Amino acid sequence: MHIYYDENIPYAAQFFAEFGELHSFAGRDVTAEQLQDADVLLVRSITQVNEQLLCLNNTLKFVGTATIGFDHIDQAYLASRNIPFTNAPGCNAISVAEYVLSAMMVMSERQDFDLSDKRVGILGAGNTGSAVANKLDALGVSYVLHDPIAEEQGDQRSFVSLDEICKCDIITLHVPKTVQGPYPTMHLFDAKRLARLGESQILINACRGEVIDNHALLTLKQQGKGPHLILDVWENEPNPLLPLIEFTELATAHIAGYSLEGKARGTEMLYQALSRLVNSEARKTLSDFLPEHAFTAPDKVDSSNILRDTIFRVYDVRRDDKIFRQQLTLTTFDYLRKNYPVRREFSALELTAELHDSSEIYRKLGFK
């Protein structure tokens, strides 16, 4: 088989070499001409998979996106050609949750508050929102959930209204971009809803840029109003609204889910899906390829400051914020994503601690 894959899908060559001939491509620049003989197409979120891209191909047998979201995939078109499709639900949920937690820890340090004194509103209770909730559960932080679709489908957790979410001290967004249907998320946070948020609140967006009306948000911030902002995603990527950056506490280039484990977990899920499709045993696992981490653990883990320091030792979001602010004017949004420095998840760090209450907290957070 001819297997075409986005060059930014980690370990794609290692996972898929057994299936045939490998061809890598730049995700945003791939053309129909390049994919004429593709049997397998593996993409990330920046590639629009539709009739225009596949019009010259009549051999395609499988399409996979190594991402949670799939709004870049024309599923109706694939179905019309009987081409199997899969995404990688939950692959980078832990990565995004650890990005959000790191950002919260940065804000707790800057504003001198204890996170356990805050109430967090989680918009979206799917894989990613649930991963955030699990991190907060580990720390004993109060939170509420809003997800009308999950609620209608019988999810037994407690849910609150969107208005209730908007009253929380910290609001973190984890929904897909949807334009139609009963619960569209496009500009869910429009000028009217943004104006209701207070200057002491914190708004985190690590899902899709279009969930927030960026121009309305900029206007609000230019008036000296609105919440503290942590933005990983932007409208009109890869061309973010540059004046908005100066009004953010933390700004990054859509990399919340870009831990090595998060990206590679998506690759592994596509490998398993293709193995099932061709009736081949999936013999490879992610652990076969992950390298050893390069950070050291603290000697003791028994205070809130040590907890925060331990989290930062694995991932401090301020690193990515600094890169974004310093380099975006010198290079491109896509370049920052393509050349994102290696980042690991909490599970890469093994801690040795005395048996006390905090040991269980670290285990629940995901540390070994």
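Biologist: What should I know about the numbering and the atoms before we start?

Modeller: Residues are numbered from 1 along each chain as its sequence is written, and side-chain values use heavy atoms, with hydrogens and water left out. Because the model is predicted, local features need pLDDT of at least 70 and side-chain atom pairs count only at pLDDT 80 or more, while totals for chains, interfaces and linings use all residues.

Biologist: How many aromatic pairs does a search of the whole structure find?

Modeller: Rings of Phe, Tyr and Trp (its six-membered ring) pair if their centres lie within 6.5 Å, and planes under 30 degrees apart count as stacked, over 60 as edge-to-face and the rest as tilted. With that rule, the search of the whole structure gives 13 aromatic pairs.

Biologist: Is the pair of Phe70 and Phe85 stacked or edge-to-face?

Modeller: The ring centres of Phe70 and Phe85 are 6.5 Å apart. Their planes stand at 70°, so the pair is edge-to-face.

Biologist: Where in the chain do Phe70 and Phe85 lie, and how many residues apart are they?

Modeller: Helices (H or I, at least four residues) and strands (E, at least two) are DSSP runs, numbered from the N terminus. Phe70 belongs to the loop between strand E4 (62-65) and helix H3 (75-80), whereas Phe85 is in strand E5 (residues 85-86). The pair therefore links distant parts of the chain, 15 residues apart.

Biologist: Which kind of aromatic pair do Phe346 and Phe367 form?

Modeller: The two rings are 4.7 Å apart, centre to centre. With 5° between the planes, the pair of Phe346 and Phe367 is stacked.

Biologist: Are Phe346 and Phe367 buried or exposed?

Modeller: Buried means under 20% relative accessible area, exposed over 50%, and partly exposed in between (1.4 Å probe, protein chains only). Phe346 has a relative accessible area of 0% and Phe367 one of 4%. Phe346 is therefore buried, and Phe367 is likewise buried.

Biologist: Which residue has its charged end over the ring of Phe113?

Modeller: A charge sits over a ring if NZ of Lys or CZ of Arg is within 6 Å of the ring centre and within 35 degrees of the ring normal. Over the ring of Phe113, at 4.7 Å from its centre, sits the charged end of Lys118.

Biologist: How many salt bridges does a search of the whole structure find?

Modeller: A salt bridge is a side-chain nitrogen of Lys or Arg within 4 Å of a carboxyl oxygen of Asp or Glu. The search of the whole structure finds 20 salt bridges.

Biologist: How many residues apart are Asp334 and Arg28?

Modeller: Asp334 and Arg28 form a salt bridge, with the closest N and O atoms 2.3 Å apart. Asp334 is in helix H14, while Arg28 is in the loop between strand E2 (21-25) and strand E3 (40-43). This pair links distant parts of the chain, which are 306 residues apart.

Biologist: Which helices hold Arg308 and Glu109?

Modeller: Arg308 and Glu109 form a salt bridge, their closest N and O atoms being 3.8 Å apart. The pair ties together parts that are 199 residues apart in sequence, because Arg308 lies in helix H12 (residues 304-314) and Glu109 in helix H4 (residues 93-110).
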